[in-house]
Amino acid sequence: CRIEGMTRTKKTAKAETSLIDRYLKHSQGLAVSFLFILPLLVVYEMGILIVQPPATSWAGDLIRWLLHGAFGRWGALAFNLCAIIAIVGSLLSFRGDRAPRFGLYPVVLVESLLYGLLLITVVPPLVQTLPLAQAAGPSAAGVIDDLVLSIGAGVYEEIVFRLVLMSAVYFLALKATGANWFAVVAAIFISSIAFSACHYIGRIDVSSMQFIRSFSFRALSGVFLAALYIYRGLAVACYAHAFYDILVVAMA
């Protein structure tokens, strides 16, 4: 009986491990990530239309600007077409039992929220930063406006810095050196520094000490989000970023 009980226990543990492994692998996929971040994108775009905050996600504006430069007055249409192509392409990439498991979406939200809480509690003490609301950037307007902008930052900044910039740097570094470890380190470092630096476009911090601390905070946050992108995928990185910004707004 004991042997049978031990066998059942091992089988149960193996099944649980297999379930966790399947969740981690499935939720990490880029196609699943595109589908899972769609609600964030829709909420942000609807929020911009309804609330009309005085500012928008600069990363989103950058993407639109690039498309406008490439397609002129058809830039907005090109942006929407890119989103539609990403969604349709993601759906078509699934076959049979590899179909997207939307039941995992709440699990992704909970996991991302935990990472957001981790980011808000662990990184600031590492750099002895200023209050979190200042580290994340001054409020552009009201709470509702900031919440909408937080969602936009979660989506577009992760697409720009993690999906696009990290991938580009990794590809170029790997092509130049042939060393995978160097390419990974270069992608994380350059994307994190760029992520931090872009938060200072159009403004200067009050003091050099504040600049050093806030820049270090954002750079370390970029490293944290880059690690999430590598090991947990785009969707988790987007939601963790958005949840962090939302928590900052709530605590302000």
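The pLDDT is the predictor's confidence in each residue, on a scale from 0 to 100. The structure is a predicted model, in which local features need pLDDT of at least 70 and side-chain atom pairs count only at pLDDT 80 or more, while totals for chains, interfaces and linings use all residues. Residues are numbered from 1 along each chain as its sequence is written, and side-chain values use heavy atoms, with hydrogens and water left out.

The chain has a mean pLDDT of 77, with 69% of its residues at 70 or more. Among the helices (DSSP runs of H or I, at least four residues, numbered from the N terminus), H9 (residues 180-197) has a mean of 93, the highest confidence in the chain, whereas the lowest, a mean of 43, falls in H7 (residues 132-135). Over residues 1-7 pLDDT stays under 50, and the model has zero contacts (heavy atoms within 4.5 Å) beyond four places in sequence for them; residues 129-138 also stay under 50, but with 25 such contacts. Where pLDDT is low, the predicted coordinates should not be read in detail.

The axes of H8 (residues 143-177) and H11 (residues 234-251), which are lines fitted to C-alpha atoms over the stretch in contact, with angles from 0 to 180 degrees between N-to-C directions, come within 8 Å and cross at roughly 150°. The two helices are therefore roughly antiparallel (over 145 degrees) to each other. Residues in contact include Leu-147 and Ile-151 in H8, and Ala-242 and Ile-246 in H11.

Beyond four places in sequence, Ser-112 touches Ala-235, Val-236, Tyr-239, Ala-240 and Phe-243.

Technical notes: Parallel < 35°, antiparallel > 145°, perpendicular 65-115°, else oblique.
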